[in-house]
Amino acid sequence: MNTHHGGVDRHMNDWNKRTIDEFHAKGGKGITGFGDRLLLLTVKGAKSGSTRTTPVAYHRDGERYVIAASKGGAPTNPAWYFNLKKAREADIEVGTEKFHVRATPIASGPERDRLYEQHSTYMPGFREYVTKTTRTIPVVVLERV
């Protein structure tokens, strides 16, 4: 029985719920640890088919929203990344706006590198995540539909 893993999942779910509640209470601005750089990503599960909302740090690249599948430098990509790779669309909340987006995952290459470096410039903690994992952390570009 792996009780440690369940504890981590429960802790993450509590953190997600608290962060989502804070996001809604503050209109998506001034979120603890993120300031104004947090969006809520709602995507359909690739296997379950049910929707799940996850708070994710973002930056803008022109009109596009860019998120990184860092999972805090964990050795695997977060579930939402696999779900977006399959669905290629989601709903996001930014500030007080909610809208549908098309998702373009970028796993590697010069455009991924440029966007991840931009992300790290805005949120330096993302540089540390790279040192914690052997995988290349993918980025996903979200464009309003």
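Modeller: One term before we start: two strands count as paired if DSSP finds at least two bridges between them. And keep in mind that this is a predicted model.

Biologist: Fine. Which residue stands opposite isoleucine 92?

Modeller: Phenylalanine 99, in strand 5.

Biologist: How many bridges join strand 4 to strand 5?

Modeller: There are 6. Strand 4 covers residues 89-94 and strand 5 covers residues 97-106, and they run antiparallel.

Biologist: What does the whole sheet look like?

Modeller: The sheet is a closed barrel of 6 strands, in the order 1-2-3-6-5-4, with antiparallel pairing. On average, neighbouring strands are turned by 45° against each other, direction ignored.

Biologist: Which strands does helix 2 touch?

Modeller: Helix 2, residues 79-87, packs on the sheet and touches strand 1, strand 2, strand 3, strand 4, strand 5 and strand 6. The direction of helix 2 makes about 60° with that of strand 1.

Biologist: And helix 3?

Modeller: Helix 3, residues 110-122, also packs on the sheet. Its contacts are strand 2, strand 3, strand 5 and strand 6. Its direction makes about 90° with that of strand 2.

Biologist: Switching to helix pairs. At what angle do the axes of helix 3 and helix 4 cross?

Modeller: Roughly 125°, and the axes come within 6 Å. Helix 4 is residues 125-132. The two helices are therefore oblique to each other.

Biologist: Which residues meet there?

Modeller: From helix 3, Tyr116, Glu117, His119, Ser120 and Thr121. From helix 4, Phe126, Arg127, Tyr129 and Val130. That contact divides into 4 nonpolar, 3 polar and 2 charged residues.

Methods:
Residues are numbered from 1 along each chain as its sequence is written. This is a predicted model: local features need pLDDT of at least 70, side-chain atom pairs count only at pLDDT 80 or more; totals for chains, interfaces and linings use all residues. Side-chain values use heavy atoms; hydrogens and water are left out. Helices (H or I, at least four residues) and strands (E, at least two) are DSSP runs, numbered from the N terminus. Axes are lines fitted to C-alpha atoms, for helices over the stretch in contact, and angles run from 0 to 180 degrees between N-to-C directions. Contact means heavy atoms within 4.5 Å. Angles under 35 degrees count as roughly parallel, over 145 as roughly antiparallel, 65 to 115 as roughly perpendicular and the rest as oblique. Ala, Val, Leu, Ile, Met, Phe, Trp, Tyr, Cys and Pro count as nonpolar, Asp, Glu, Lys and Arg as charged, and the others, Gly among them, as polar.
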